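Please consult the sequence and the structure shown below while reading.

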Amino acid sequence: MGAAMLGLAGLGALPAAGQAAERTVQIGLAAPMSGLSGSTGISLERAAQLAIDDVNETQPVIGGDKITFKLLPQDDRADPRTGELIAEYLVKSKVAAVVGHWNSGVGIPASRIYAAAGIPHVSPAVTSPAYTQQGYPSAFRVVPHDGDGARHTAEYVVREMKARNIVVIDDRTVFGADYAAAFEKSLAALNTKAVAHYTVSSKSSTFNQILPAARSLNPDVILFAGIDAQAAQLASELRRLQIKATLVGIGGMVGPTFLTLAGPAAEGTIVLEPGPPSYKGAQWSRFENAWKARYKEDIYLYAPFAYDAVRTIVAAMREANSVDTAKVTAALHKIRYRGITGPIAFDKEGNLRDPVFTLYEIKGGRWKVVKTFGGKN
């Protein structure tokens, strides 16, 4: 009798003829949700969850199954070793894909683990060229890379700002050091050279050891390749030491953190960020309204890229009519998706095709758009 009942239970669990089976598919999300970059990481999680909710509302059927997507978010603490541990956890959790990471220094080693498992991973923020230069077919990014960003920044500094005494400072991370190197390479292509290049630990709370020497060079521009919180400290120290150079930052600075921490010292700071200066269309309006209704705060600059990363993955699953990781990876290489951040397609390395950048400057205590670069003409 027990066996018969088990058999009936098993039959009862099967879908009726012609009826789709129900299946839950997990998508991992890895970003720093604590520490200096915690607010940014939380914004990526929020955006990814909105994308999951929007997809689930459409009641997707993929490969004959009714799919319910579930986000599996993890805090990588902006730490490479923690990022590797999280990557291993997401692999063991059998996620179908991963959105992440935020830091290049975390995303690059984590990508090796995802690649070994054959899991497609789409970053909304990793900008170091090394991320896709590793040759992993499963690695993609929906943001531009720093090679292009550094070139646009260098061209603006030299041609528009007419800077001659340029000082470069990097934070010794993969993100900062790679950007600084790409920036100096772009300067060389413009027959210009930095008068000095200093490094400081990303964990340092002061620039006292290098700024006196930098001041003696009478710089008109100081490029800082590092994150927003440390850039704010640099801005404050430049003001205190009465160094008149314009501070030029790199991606990830445009937002409330730098403005709040730097205060009046932030004035005049220039930063190049990925994406257009504003978004439009029905899909964007839906995202914006849902974000403000649920979270009651402004949208962080990188949040739309996390939303698009999820939607692009799901679009690839629909194209492949499968959630099999190999088939989804193959579909991502061919995908043409219209996201809220613009058209999304990847080159053979997994980089975003035809990327757009926006240059911002702080005027009157607010970020103001200066100009845009890139995209299709």
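An open sheet of mixed pairing is built from six strands in the order 2-3-1-4-5-6. Two strands count as paired if DSSP finds at least two bridges between them. Helices (H or I, at least four residues) and strands (E, at least two) are DSSP runs, numbered from the N terminus. At the edges of the sheet lie strand 2 (61-62) and strand 6 (139-141), each of which pairs on one side only. Strand 4 (residues 97-100) and strand 5 (residues 121-123) run parallel and are joined by two bridges. Within this pair, Val 99 stands opposite Val 122 of strand 5. Helix 3 (residues 80-92) packs on the sheet and touches strand 1 (21-31), strand 3 (65-75) and strand 4; contact means heavy atoms within 4.5 Å. The direction of helix 3 makes about 160 degrees with that of strand 3.

The model is predicted: local features need pLDDT of at least 70, side-chain atom pairs count only at pLDDT 80 or more, and totals for chains, interfaces and linings use all residues. Residues are numbered from 1 along each chain as its sequence is written, and side-chain values use heavy atoms, with hydrogens and water left out.

A helix pair comes next. The axes of helix 2 (residues 38-57) and helix 12 (residues 303-320) come within 7 Å and cross at roughly 35 degrees. Axes are lines fitted to C-alpha atoms, for helices over the stretch in contact, and angles run from 0 to 180 degrees between N-to-C directions. The crossing of helix 2 and helix 12 is right-handed, a term used if the near helix is turned clockwise from the far one by less than a right angle. Helix 2 contributes residues including Ser 43, Leu 44, Ala 47 and Asp 54, while helix 12 contributes, among them, Tyr 307, Val 310 and Arg 311. The residues of this contact divide into twelve nonpolar, one polar and two charged. Here Ala, Val, Leu, Ile, Met, Phe, Trp, Tyr, Cys and Pro count as nonpolar, Asp, Glu, Lys and Arg as charged, and the others, Gly among them, as polar.

Grid points are joined across faces, edges and corners, and a volume is the space filled by probe spheres set on the points.

| Space | Volume | Lining residues by class |
|---|---|---|
| Largest pocket | about 800 Å³ | 18 nonpolar, five polar, six charged |
| Second largest pocket | about 600 Å³ | eleven nonpolar, 13 polar, five charged |
| Largest cavity | about 90 Å³ | six nonpolar, three polar, two charged |

Of the 29 residues lining the largest pocket, Val 254, Asp 298, Ile 299, Tyr 300 and Leu 301 lie nearest its centre. Helix 10 gives the most to this lining, with four residues.

The second largest pocket is also lined by 29 residues, and Ala 78, Asn 103, Thr 173, Ser 202 and Ile 227 lie nearest its centre. Helix 4 gives the most here, with three residues.

The structure holds one cavity of 30 Å³ or more. Its lining includes Thr 127, Asp 146, Glu 273 and Phe 357. Strand 11 supplies the largest share of that lining, three residues.

Terms used. On a 1 Å grid over the protein atoms alone, a cavity is a set of points where a 1.4 Å probe fits but cannot get out, and a pocket is an open set with protein on both sides within 12 Å along at least five of seven lines; lining residues have an atom within 4 Å of a point.
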